[in-house]
Amino acid sequence: MAVASKADKKAAVDAAAWMFNVITSVGIIIVNKALMATYGFSFATTLTGMHFATTTLMTVVLRWLGYIQASHLPYSELLKFIFFANFSIVGMNVSLMWNSVGFYQIAKLSMIPVSCLLEIVFDKIRYSRDTKLSILVVLLGVAVCTVTDVSVNGKGFIAAFIAVWSTSLQQYYVHFLQRKYSLSSFNLLGHTAPAQAASLLLIGPFLDYWLTNKRIDGFDFDIPSVAFIVASCIIAVGTNLSQFICIGRFTAVSFQVLGHMKTILVLVLGFLFFGREGLSMQVVIGMIIAVIGMIWYGNASSKPGGKERRSHSASRNSQHKGSSESSEADDKV
């Protein structure tokens with residue numbers, strides 16, 4: 001009974017963490033889309049730096065209130081994380097500029113097999129056949145929804161390659177650091193957010209000028225646009241925190257697979273709030289396929305053997321073999 005209640009509590013917390021991430025992620029996409037489309041604020045990298053500055057402020061306040069305890073993260077590990085995280089942000093922005101929307105979406109989809117490869121190589125994770133097939137169904141559904149025109153060029157491919165690998169490594173590293181150094185999501189954010197804020201606010205204006213040919217100091221900061229920027233920063237605190245919580249509780253692969261639910265929700269909300277001209281039978285079919293794949297993945301990965309470390313299964317086999325040999329010896333005695 002106690003085991004069941006503990007499992008139910010974990011499932012409830014997992015669901016709450018996931019819904020927190022979905023709501024904040026979809027919310028920030030909608031707010032940023034309005035900010036950029038309505039007010040012309042196209043400084044994405046600098047805005048991300050503002051997001052992490054606000055997150056840093058949150059961690060400082062929580063530490064002052066005693067909700068974040070002192071913890072240790074080696075500078076070498078912090079530098080590697082910042083390297084992956086900043087290359088992820090810059091790579092995604094450059095990839096979107098240099099590639100067609102269709103190839104950009106394909107690049108984002110390729111993060112799932114890359115994340116799977118990282119878990120197989122570094123964590124010795126083994127996936128069952130059903131888990132692999134469910135991932136393929138999710139990829140197919142999201143591809144049907146989002147991939148339209150696909151054109152590739154040399155520099156765009158390099159940018160997408162860097163973006164995919166740096167993002168996958170950053171998300172893997174979130175789970176790795178929390179596990180290795182026993183860091184909570186708040187602790188890890190307390191270490192990484194200040195460094196990301198400082199570095200992105202430093203390089204952001206120059207990178208945005210290179211990408212858009214516009215200077216942020218020339219932007220007309222009126223009350224409505226500033227209100228949207230503030231709203232974006234506040235929501236980003238929840239997005240950053242919920243990402244660390246979800247990857248810490250699940251894995252980078254599960255975060256990527258279930259994360260495509262946000263893609264579906266963004267499409268639906270886009271049709272509701274920004275017009276229905278993009279809604280077609282192809283998109284609807286893709287949504288249905290993707291949702292079926294996500295449900296299948298949830299069931300398949302939670303079953304015994306659906307997704308597990310090879311060392312665990314090996315130890316179980318050795319234990320089973322040992323007990324068999326012991327029983328045989330007892331029979332001989």
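Buried means under 20% relative accessible area, exposed means over 50%, and partly exposed lies in between, using a 1.4 Å probe on protein chains only. The model shown is predicted: local features need pLDDT of at least 70, side-chain atom pairs count only at pLDDT 80 or more, and totals for chains, interfaces and linings use all residues. Residues are numbered from 1 along each chain as its sequence is written, and side-chain values use heavy atoms, with hydrogens and water left out.

**Figure 1. The aromatic pair W18 and F255.** A pair of aromatic rings is described by the distance of the centres and the angle of the planes. Rings of Phe, Tyr and Trp (its six-membered ring) pair if their centres lie within 6.5 Å; planes under 30 degrees apart count as stacked, over 60 as edge-to-face and the rest as tilted. The whole structure holds 16 aromatic pairs. One of them joins W18 and F255 edge-to-face, at 6.0 Å centre to centre and 85° between the planes. W18 lies in helix α1 (residues 2-39) and F255 in helix α10 (residues 252-274), so the pair ties together parts that are 237 residues apart in sequence. Helices here are DSSP runs of H or I with at least four residues, strands are runs of E with at least two, and both are numbered from the N terminus. Both W18 and F255 are buried.

**Figure 2. F83 and F84 in an aromatic cluster.** F83 and F84 pair edge-to-face, with 5.9 Å centre to centre and 65° between the planes. F84 is buried because its relative accessible area is 15%. F83 has 47%, so F83 counts as partly exposed. Ring pairs link F83, F84, F87, F122, Y172, Y173 and F176 into a cluster.

**Figure 3. The surroundings of E119.** E119 sits in helix α5 (residues 111-122). With a relative accessible area of 3%, E119 is buried. Contact means heavy atoms within 4.5 Å. Leaving aside neighbours within four places in sequence, E119 is in contact with K124, I125, Y127, T251, A252, V253 and K307.

**Figure 4. W296 and its contacts.** Helix α11 (residues 281-302) contains W296. Its relative accessibility is 30%, so W296 is partly exposed. Not counting residues up to four places away in sequence, W296 touches D130, L133, S134 and V137. W296 and D130 are 166 residues apart in sequence, but 8.1 Å apart in space, C-alpha to C-alpha.

**Figure 5. The second largest pocket.** A 1 Å grid is laid over the protein atoms alone; a pocket is an open set of points where a 1.4 Å probe fits, with protein on both sides within 12 Å along at least five of seven lines, and lining residues have an atom within 4 Å of a point. Grid points are joined across faces, edges and corners, and a volume is the space filled by probe spheres set on the points. The second largest pocket has a volume of about 700 Å³. Its lining has 29 residues, of which F250, S254, L258, Y297 and S301 lie nearest the centre. α1, α7 (154-180), α10, α11 and β2 (307-309) each supply at least two lining residues.

**Figure 6. Positive phi at S182 and N213.** S182 is not a glycine, yet has a positive phi of about 55°. S182 lies in the loop between α7 and α8 (185-212). At 66% relative accessibility, S182 is exposed. N213, also a residue other than glycine, has a positive phi near 60°. N213 is found in the loop between α8 and α9 (223-249). N213 is exposed, with a relative accessible area of 59%.
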